[in-house]
Amino acid sequence: MTHARRRCNLILTLLLLAGFTFTSWFSFHMAHNSLSEGIVDDALPLTSHLISTDLQKQLQAPIYVAQSMAQNHFVHLWLNDSDPSTDQLFVFLDKTRKLFQSQTSFLVNHKTLTYYHYDGRTHRLDLNAQESLWYQQAITSSHRDYILNVDVTPQDNFRAIVYVNHKIVLNGELLGVAGVGIQLSDLRALIKQYQTLYQRKVYFADHQGRLLFYNQSLLPNRTLHSEFGAHQSAIIDQKNYKFSVKHNGVERLINSRYIPELGWYLLVEQEFTTQTTLTDALIANLLLGVVITLCILAIAQLTFNQYQSRLEAIALTDKLCNVLNRQAFEPQLQKHIARARMGRVPLSLLLLDIDHFKQVNDRHGHLAGDRVLKHFAQLCKSVANHSDIICRWGGEEFMILMPNTYLSHAQQLSEKLRERLAACECEVPITISVGIAQYQPQESEDEFLKRADDALYRAKNRGRDRVELAA
């Protein structure tokens with residue numbers, strides 16, 4: 001962990017602890033006016049905000065996966081194919097499930113109303129059946145392109161699953177629904193933790209007023225009306241709603257919060273009895289601050305590391321060939337040029353161009369051209385030394401930067417690469433032209449690149465499929 005990251009975590013910890021300490025102290029001195037009002041206005045909304053934030057983080061990944069599936073070019077082509085291969089679809093669904101560690105993945109073809117499960121099973125949807133209500137809600141949803149529902153289905157061995165159902169729309173036409181699911185027990189662990197720590201009940205309900213899961217129960221046959229009576233309408237109509245009900249002489253204080261990203265209502269409940277004391281509230285709030293601070297720091301650290309790694313990979317790597325892109329290669333080139341200039345160590349540069357690559361795309365298609373590029377990049381990796389730096393410079397042009405390497409050794413590697421390319425069984429036979437330059441003292445980066453480019457130009461003009469050395 002860097003010094004800046006440690007300092008950031010320390011400041012964040014102090015701010016969170018200071019914030020929670022001040023809130024607790026302020027609540028302690030104001031509670032004599034109305035402890036009940038304080039719980040309803042402060043404690044419960046804070047808990048609901050934290051739970052909704054954590055829940056959205058838990059569901060952010062499956063929502064993103066479902067969106068990616070719905071926008072996937074392969075899925076669009078497959079749904080528009082008059083005679084699609086189901087084997088390819090099942091491979092795609094299974095790889096998606098494994099890659100993102102989802103419990104399940106599926107796709108529904110709207111034209112045929114066929115449901116495709118990742119494990120190879122299929123069945124037809126009956127839009128008039130209660131079991132297909134989720135599909136009707138998904139395709140008619142106007143607020144979002146996806147909906148979440150909690151269900152128990154035979155397709156997933158009757159396990160309680162939170163499904164993310166995303167519409168597939170292309171040029172204004174509805175093609176179907178794709179999505180993934182995560183086990184409800186994964187979310188219940190978070191809810192159980194909050195209930196244990198704060199001694200508050202947590203409920204989730206959908207827009208129909210059906211309780212999805214709460215306490216220790218999965219999919220109870222209960223509704224907002226059966227649990228909270230006449231307050232159901234106000235809960236559904238208002239984004240934030242505070243109320244209280246009495247049951248067996250105990251007053252129950254409830255805060256309701258609508259989570260638009262999920263389409264669910266979150267309700268947090270705390271019983272208020274005469275035994276509740278100001279000291280207990282203060283201690284509970286202080287403990288709440290410590291626990292939440294630790295949770296936020298842990299989640300923030302995991303999130304920072306995860307997304308930093310992803311962003312670095314996206315920013316530095318050519319997605320098709322899995323080698324450095326031009327943006328990432330240029331700083332490496334500048335660093336090694338400076339090292340060669342200061343230490344007078346050899347530095348060679350190979351500029352490689354696939355001969356007549358446009359004809360490959362024209363004759364065999366761009367997908368075949370992409371596979372040729374990937375194959376060539378892998379071949380470069382297998383031939384290059386461990387210290388060599390490979391880059392896709394643009395289109396069909398690649399660069400290999402060879403630190404501590406003289407021109408003769410670079411030429412040997414180029415010839416070896418040409419020989420390996422001629423001997424390998426590539427989908428489309430190709431040849432390459434190579435221009436090689438060794439860095440000369442005090443020349444600039446542009447001059448170094450230009451000499452390699454001039455050598456490549458000579459290789460092309462002299463018949464291609466050859467190696468030329470820079471002057």
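Is Q101 buried or exposed? At 72% relative accessibility, Q101 counts as exposed. The residue belongs to the loop between α4 and β1 (104-109). Its backbone deserves a look too. Q101 is not a glycine, yet its phi is positive, at about 55 degrees. Keep in mind that this is a predicted model.

Step back to the whole chain. The protein has 471 residues, and 45% of them count as buried. It is built with 14 helices and 17 strands. Take the contacts between residues at least 6 apart in sequence: 61% of these join residues at least 24 apart. The accessible surface comes to about 25,000 Å². Carbon and sulfur atoms account for 53% of that surface.

Start the tour at helix α3, which spans residues 73-80. Which of its residues are buried? They are V75, H76, W78 and L79. Viewed down the axis of α3, these buried residues fall within an arc of 165 degrees, so they line one face of the helix. The N-terminal end of α3 carries a cap, N72. A side-chain oxygen of N72 lies 2.8 Å from the backbone nitrogen of F74.

Move on to helix α4. T96 is found here. The relative accessible area of T96 is 8%, so T96 is buried; the cut-off for buried is under 20%. What does T96 touch, leaving aside its neighbours within four places in sequence? T96 is in contact with V65 and M69.

The protein has 16 aromatic pairs in total. One of them joins F90 and Y116. Their rings are 6.1 Å apart, centre to centre, with 55 degrees between the planes. That makes the pair tilted. F90 lies in α4 (residues 86-99) and Y116 in strand β2 (residues 114-117), so the pair ties together parts that are 26 residues apart in sequence. Both partners are covered by the cut-off for buried, under 20% relative accessible area. F90 has 13% relative accessibility, and Y116 has a relative accessible area of 9%.

Now compare W134 and Y135. Their ring centres are 5.7 Å apart and their planes stand at 80 degrees, so this pair is edge-to-face. W134 and Y135 are both buried. They also belong to one aromatic cluster, together with F106, Y115 and Y163.

R144 lies over the face of Y146, at 5.5 Å from the ring centre. R326 lies over the face of W393, at 3.8 Å from the ring centre.

Next, strand β3 (residues 122-124), which holds R124. R124 counts as exposed, at 59% relative accessibility. Which residues does R124 touch, not counting those up to four places away in sequence? The answer is T112, L113 and T114. R124 and L113 are eleven residues apart along the chain, but their C-alpha atoms are separated by 5.7 Å. The R124 side chain also makes a polar contact: it reaches the backbone oxygen of T112 at 2.6 Å.

Finish around helix α9 (residues 278-316), where A315 is found. A315 is partly exposed, with a relative accessible area of 33%. Not counting residues up to four places away in sequence, A315 touches N325 and Q327. Twelve residues separate A315 from Q327 in sequence. In space, their C-alpha atoms are 7.9 Å apart.

Between α9 and α10 (326-343) runs a loop that contains N322. What is the phi of N322? Phi is near 60 degrees, a positive value in a residue other than glycine. Q101, where the tour began, likewise has a positive phi without being a glycine. N322 is partly exposed, with a relative accessible area of 48%, whereas Q101 counts as exposed.

How values were computed: Residues are numbered from 1 along each chain as its sequence is written. This is a predicted model: local features need pLDDT of at least 70, side-chain atom pairs count only at pLDDT 80 or more; totals for chains, interfaces and linings use all residues. Side-chain values use heavy atoms; hydrogens and water are left out. Buried means under 20% relative accessible area, exposed over 50%, partly exposed in between (1.4 Å probe, protein chains only). Helices (H or I, at least four residues) and strands (E, at least two) are DSSP runs, numbered from the N terminus. The arc is that of the directions from the helix axis to the C-beta atoms. A polar contact is a pair of N or O atoms within 3.5 Å; within protein, one must be able to donate a hydrogen and the other to accept it, and residues adjacent in sequence count only if both atoms are side-chain atoms. Contact means heavy atoms within 4.5 Å. Accessible areas come from the Shrake-Rupley method with a 1.4 Å probe; for residues, only the protein chains shown count as cover. Rings of Phe, Tyr and Trp (its six-membered ring) pair if their centres lie within 6.5 Å; planes under 30 degrees apart count as stacked, over 60 as edge-to-face and the rest as tilted. A charge sits over a ring if NZ of Lys or CZ of Arg is within 6 Å of the ring centre and within 35 degrees of the ring normal.
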